Amino acid sequence: MGRVVVDVMPKPEILDPQGKAVARALPRLGIDGFVTVRQGKRFELEVDGPVTDDVLAAARQAATTLLSNPVIEDVVRVADESAA
């Protein structure tokens, strides 16, 4: 069984209130050194069989048409995670 991972992030110009909340909470937890935090989405798509170029192409199409909102989000990665 293969697995494709799709990572989606808000576009840089889009406000990210969840990321800002995490960035403010980190120092309160004693975790310093991070200037900004952006929160995105991760999708794991399992296929019955190996991850082929056709499967990756289908995952890219799903990422741009269904899994992300192209107005406010960027698809930053579509990758074969079968070996991981």
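Just after α1, G30 adopts a positive phi of about 80° in this predicted model. Helices are DSSP runs of H or I with at least four residues, strands are E runs of at least two, and both are numbered from the N terminus. Helix α1 (residues 17-28) has 12 residues, and its end C-alpha atoms lie 17 Å apart; this agrees with the 16 Å that it should span at 1.5 Å a residue, the expected span being 1.5 Å times one less than the number of residues.

Residues are numbered from 1 along each chain as its sequence is written. Local features require pLDDT of at least 70 and side-chain atom pairs pLDDT 80 or more, whereas totals for chains, interfaces and linings use all residues; side-chain values rest on heavy atoms, without hydrogens and water.

The largest nonpolar core comprises nine residues, V4, V6, V8, V51, L56, A59, A63, L67 and V78. Such a core is a set of buried Ala, Val, Leu, Ile, Met, Phe, Trp, Tyr and Cys residues joined through side-chain atoms within 4.5 Å. At least two residues of this core come from each of β1 (2-10) and α2, with α2 giving the most, four. Contacts of L67 (heavy atoms within 4.5 Å), not counting residues up to four places away in sequence, are with V6, V8, K41, F43, L45, A62 and E73.

S68 lies in the loop between α2 (53-67) and β3 (73-80). Because its relative accessibility is 9%, S68 counts as buried (under 20%; exposed is over 50%, partly exposed in between, with a 1.4 Å probe and protein chains only). The S68 side chain reaches the backbone oxygen of A63 at 2.6 Å. With residues up to four places away in sequence not counted, S68 touches V8, A63, E73 and V75.

Methods. A polar contact is a pair of N or O atoms within 3.5 Å; within protein, one must be able to donate a hydrogen and the other to accept it, and residues adjacent in sequence count only if both atoms are side-chain atoms.
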